[in-house]
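Good morning. Please look at the next slide, and I will go through a few points in turn.

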Amino acid sequence: MDAKVSIIIPTYKRGRDFVKRAIDSALLQTYANIEIIVVDDNGTEDTAAYRAIIENLVRSYRDSRIVYRQNQY
């Protein structure tokens, strides 16, 4: 069995399109045994809108290889 490769995508004040392009790029790789971990560093009041956008984006993929994590402050 091939080793699993973790692709980490940290995000802070990034727009939906930027994160979407990063996820799509990871999904297009030819190596199949991957996990994509999106780490959301948006947590303060001034970045709460970014957090909602990124969380909704990641959930829209419905792909078990994509994991969404929120850093707590």
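Leaving aside its neighbours within four places in sequence, which residues is Ile-23 in contact with? Keep in mind that this is a predicted model. The residues that Ile-23 touches are Ile-9, Ile-36, Val-38, Leu-57, Val-58, Tyr-61 and Ile-66.

That takes us to the core. The largest nonpolar core has 13 residues, and Ile-23, Ile-36, Val-38, Ile-54, Val-58 and Ile-66 are the ones that touch the most other members. At least two residues of this core come from each of α1, β2, α2 and β3. The biggest share is that of α2, which gives four residues.

Next, the charged pairs. As a general point, side chains of opposite charge can pair when their charged atoms come close. How many salt bridges does a search of the whole structure find? There are four, and I will describe some of them.

Take Lys-20 and Asp-24. Their closest N and O atoms are 2.9 Å apart. Both residues sit in helix α1, four residues apart, which is about one turn of the helix. Lys-20 is partly exposed, with a relative accessible area of 29%, and Asp-24 is also partly exposed, at 25%.

Now Asp-40 and Arg-51. In this salt bridge the closest N and O atoms are 4.0 Å apart. Asp-40 belongs to strand β2 and Arg-51 to helix α2, so the pair ties together parts that are eleven residues apart in sequence. Are these two buried or exposed? Asp-40 counts as buried because its relative accessibility is 0%. Arg-51 is buried too, with a relative accessible area of 13%.

Another pair is Glu-55 and Arg-59, whose side chains meet in a salt bridge at 2.6 Å, N to O. These two are four residues apart in helix α2, so about one helical turn separates them. Arg-59 is exposed, with a relative accessible area of 52%.

Last, the backbone. Most residues other than glycine have a negative phi. Which residue in the loop between β1 and α1 concerns us here? That one is Lys-13. Lys-13 is not a glycine, yet its phi is positive, about 55°. With 41% relative accessibility, Lys-13 counts as partly exposed.

Arg-62 also has a positive phi, about 50°, although it is not a glycine. Arg-62 is found in the loop between α2 and β3. Its relative accessible area is 78%, so Arg-62 is exposed.

That is the end of my part. Thank you.

Terms used: Residues numbered from 1 in each chain as written. Predicted model: local features only at pLDDT ≥ 70, side-chain atom pairs only at ≥ 80, totals over all residues. Heavy atoms only, no water. Buried < 20%, exposed > 50% of the residue type's maximum accessible area, 1.4 Å probe, protein only. Core = buried A, V, L, I, M, F, W, Y, C linked by side-chain atoms within 4.5 Å. Contact = heavy atoms within 4.5 Å.
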